[in-house]
Amino acid sequence: MKKIHVLLLFCFLLVIVSCQIKESSLKETRKVFPHKMPAEKPDFPLSAAMERMFDYPAPRVQDNELYTTFKYTALEGFDYNGGDGTITRRDPSRPILVGGKYYMWYTKRDTKHLPVGAPRADEATDEIPSTDWDLCDIWYATSTDGFKWEEQGVAVPRPPKPNLGWRSVATPDILVWKGKYYLYFQAFNEPSGLKGDWCPISMAYADSPEGPWTHTGKMIFPFGEKGDWDQDQAQDPHPIVYKGKIYLYYKAAYNKWPDVRDRYAVAHGLAIAKDPFGPFEKHPLSPVMNTGHETTYFPYKNGVAALAIRDGNERETIQYAEDGVNFHVASVVSLAPTAAGTFTPDAFTDTNDGRGITWGVCHFTNAGEEGKRHSIIARFDCDLSRDCNDKVFKQTTIYHTPDVYFRQGLGGLKKKRMAESEIKK
């Protein structure tokens with residue numbers, strides 16, 4: 001009997017030990033995402049969303065140096081003729097600081113008549129613009145604080161016909177290279193919208209940001225070959241100095257003209273040169289960005305960061321490429337600036353330790369009342385800087401008043417939707 005009791009006790013202990021071993025084994029194999037955010041990706045299986053979270057610069061968005069909100073300020077010092085639509089300022093360059101003053105260049109239209117619109121471009125004349133950027137010159141302004149500006153006058157005027165850009169010069173950006181200044185811009189020889197928005201990139205140069213500027217009157221680099229994505233245009237030039245060379249990012253719309261205008265797409269290309277006059281060689285992987293209307297790039301760490309705004313699956317994102325070519329989404333943003341020109345002190349220093357940005361200028365193209373629409377330049381502030389930590393820009397919950405949403409109303413679709421939704425009795 002005693003032996004049976006000992007045997008039963010032994011079996012009981014064996015079962016307990018076995019259960020403990022099994023429970024311990026289960027604990028070892030059961031991996032659950034921890035309550036405390038890991039600094040690095042855990043080494044056990046994760047869902048696609050949680051895997052992706054660790055591909056961003058920081059898993060928690062508030063800690064992501066390439067995430068920001070944007071705050072806007074109206075600029076002082078610019079007259080828009082009472083908002084009657086005859087004066088427009090748009091497409092500002094990145095501001096640069098020279099001799100204690102900020103300089104920026106921009107597209108200015110000052111016409112007697114309002115634009116008739118791209119679909120009616122055949123009605124454009126020497127005094128009637130087709131679009132907001134038709135019949136324009138490149139002007140510049142200065143400031144000591146980035147908020148109050150003083151318009152200085154024309155930097156690059158339209159040259160006489162038939163020289164390149166005789167119809168309009170627009171969308172400038174600045175390059176500082178070996179102590180001299182270079183403005184790259186779009187040069188139109190026909191009213192925009194007549195056949196499309198066809199134009200090449202040209203350039204003017206000067207010894208001082210005050211000018212005088214000498215217009216080369218030449219196309220800086222050619223369009224793509226027939227059938228290439230950039231066969232018809234190269235727009236929105238945006239240069240930085242990177243790896244000892246000039247990296248000129250540009251935009252082109254494709255899949256659009258002449259017969260499928262409503263199915264267009266937009267991408268960004270990259271052309272590289274050792275000299276501001278070229279030759280520029282297009283990177284073989286162009287387009288390097290599948291999203292974004294206007295181009296905005298700046299050095300960041302040892303690579304390049306970009307705002308990808310409008311037009312594309314990755315719209316409203318900030319992206320980063322360690323090599324300046326292969327970009328990946330770094331954050332998703334909202335109310336991002338359109339046609340942003342960022343104040344980037346190290347844009348032309350060939351840095352391998354880019355510090356980022358905290359402010360810049362942009363445009364709004366729908367200022368004014370209906371029938372008097374025009375564009376204005378504004379300032380935006382943000383925190384995309386490694387040297388700044390303004391928590392106000394790292395918020396993720398931004399509330400807008402209802403009228404902001406109601407302005408996006410259905411318009412003419414309201415009656416149609418009401419009819420579709422009406423309950424039949």
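Pro279 sits in the loop between strand S13 (265–273) and strand S14 (281–282); strands here are DSSP runs of E with at least two residues, helices are runs of H or I with at least four, and both are numbered from the N terminus. This is a predicted model, in which local features need pLDDT of at least 70 and side-chain atom pairs count only at pLDDT 80 or more, while totals for chains, interfaces and linings use all residues. Residues are numbered from 1 along each chain as its sequence is written, and side-chain values use heavy atoms, with hydrogens and water left out.

Back to Pro279. A cis peptide bond links Gly278 to Pro279, with omega at about 5°. Another cis bond joins Ser286 and Pro287, where omega is about 0°. Pro287 lies in the loop between S14 and strand S15 (297–301). As background, most peptide bonds are trans, and most residues other than glycine have a negative phi.

Asn81 is not a glycine, yet has a positive phi of about 55°. The residue is in the loop between strand S1 (71–74) and strand S2 (87–90). Asp236, also not a glycine, has a positive phi of about 55°, but Asp236 is in strand S11 (residues 235–242). Which of the burial classes does Asp236 fall into? Asp236 is buried, at 8% relative accessible area, whereas Asn81 is partly exposed, at 38%. Buried means under 20% relative accessible area, exposed over 50%, and partly exposed in between, using a 1.4 Å probe and protein chains only.

Four strands form an open antiparallel sheet in the order S7-S8-S9-S10. Strand S7 (168–177) and strand S10 (214–215) are at the edges with a single partner strand each, so one side of each has no neighbour in the sheet. Two strands count as paired if DSSP finds at least two bridges between them. Strand S9 (residues 201–206) pairs with S10 in the antiparallel sense over 2 bridges, and Tyr205 stands opposite Thr214 in S10.

Finally, the whole protein. There are 4 helices and 21 strands. The C-alpha trace spans about 120 × 75 × 45 Å along its principal axes. Buried residues make up 48% of the 425.
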